[in-house]
Structure formats: C-alpha cells, structure tokens
Amino acid sequence: DRIFETKNIKIQEDTQKILGSIINTFTVVIDAGVPENEIIHYDVGTKLGKKLEPLFKSTEYNDIFYELAGFWKKNGFGHVDELEITPNSTTFNVYDCFECSHMPNMGRTVCKLDEGFLTTVLETKFKSKFEVKELECYASGFDHCRFQITNKK
C-alpha cells in the first residue's frame, strides 16, 4: 500500500535519497534486459524531468548542458564529457553511466530513462520540441554512452 502513497518532495533535502532509490530500483529492472521496460524507463524519465526541471536555472540553450553535466556528476548518474554544441545538434558522452555501465553487451542501447529526462527538461525549459537519442551505450559494446540532441523547431 505504501507504494501508492503520494507525498510532496522537498527538492533540496530529499533529492539525493529519492534519486538513489530510483537508481537502485531501475538498475535492477533494466538488468532484466526486457525490451518492454524501455517504455517504462522513458516514462519514469519524463516524470523525473517534470519534477526536477525547476532545479535547472539556465535560460540559455548552451548553458543548460553544463548545468546538466554538473547534475549528472553530483547525483551519481555518470560523468559527462566530449560535449559538442552546434546550432543543429548537441552530442556528449556519459562515462560510468548509472543505468548500464555494469551491463554486458546486449547489442542495443538501453538508457531510456536518460532520454525521457533530457527530453522533458529541455522541452519544458525552452518551450520547443527536442529529440534525444542514445547512439552508443555500454549495453551495445561501447565504453561510454553517447547522446545526440536535436531541436525539432
């Protein structure tokens, strides 16, 4: 019954505890390797993005990625590197990804929670449509995850 209880989140105090619980829970789920879980993970990412978007104060497109990189590192999501921002797209790598760095090569990308989170934060913040796509992943044989973000305006 407790699983369906609704409580307000105190962002400053409880964010670390909440993210830790979510990370542990979804790491276990994704380890099952069931492709249907991708829909669930993406949906959870969008819900987290809606709740946590107010934490991001950047009003400039280029700046938000540096803020996101700091958020990733601070909350144990991984280390963002090789950030490339162009007028048409943004790409970056994530090392030590919380979702998949422990996984074997499954022949596919699996970081749908990240895709949902990033899409929602960017679309909410900038009132525009974005496509976030994971191109490379630990679970597809790489030593990092690589994301590409395209503004669909």
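Helix 4, which covers residues 112–126, has 15 residues and reaches 21 Å from its first C-alpha to its last, close to the 21 Å expected at 1.5 Å a residue; the expected span is 1.5 Å times one less than the number of residues in the helix. Helices here are DSSP runs of H or I with at least four residues, and strands are runs of E with at least two, numbered from the N terminus. The structure is a predicted model, in which local features need pLDDT of at least 70 and side-chain atom pairs count only at pLDDT 80 or more, whereas totals for chains, interfaces and linings use all residues. Residues are numbered from 1 along each chain as its sequence is written, and side-chain values use heavy atoms, with hydrogens and water left out.

Helix 4 is mostly covered, since 12 of its 15 residues are buried, where buried means under 20% relative accessible area, exposed over 50%, and partly exposed in between (1.4 Å probe, protein chains only). Among the buried residues of helix 4 are Leu113, Phe117, Leu118, Val121 and Phe126. The helix is followed by lysine 127, whose phi is positive, near 50 degrees.

The structure holds 12 aromatic pairs; rings of Phe, Tyr and Trp (its six-membered ring) pair if their centres lie within 6.5 Å, and planes under 30 degrees apart count as stacked, over 60 as edge-to-face and the rest as tilted. Phenylalanine 56 and phenylalanine 117 form an edge-to-face pair, with 6.3 Å from centre to centre and 70 degrees between the planes. This pair links distant parts of the chain, as phenylalanine 56 lies in the loop between helix 2 (37–52) and helix 3 (61–74), while phenylalanine 117 belongs to helix 4, 61 residues apart. Phenylalanine 56 is buried, with a relative accessible area of 2%, and phenylalanine 117 also counts as buried, at 2% relative accessibility. The rings of phenylalanine 71 and phenylalanine 117 have their centres 5.7 Å apart and their planes at 10 degrees, so this pair is stacked. Here too distant parts of the chain are linked, with phenylalanine 71 in helix 3 and phenylalanine 117 in helix 4, 46 residues apart. One aromatic cluster is formed by Phe56, Phe71, Trp72, Phe77, Phe98 and Phe117.

With a disulfide taken as a pair of cysteine sulfur atoms within 2.5 Å, the count comes to zero disulfides. Cysteine 97 is in no disulfide, the nearest cysteine sulfur, that of cysteine 111, being 3.7 Å away. The sulfur of cysteine 137 is 3.5 Å from the closest cysteine sulfur, in cysteine 100, which is too far for a bond.
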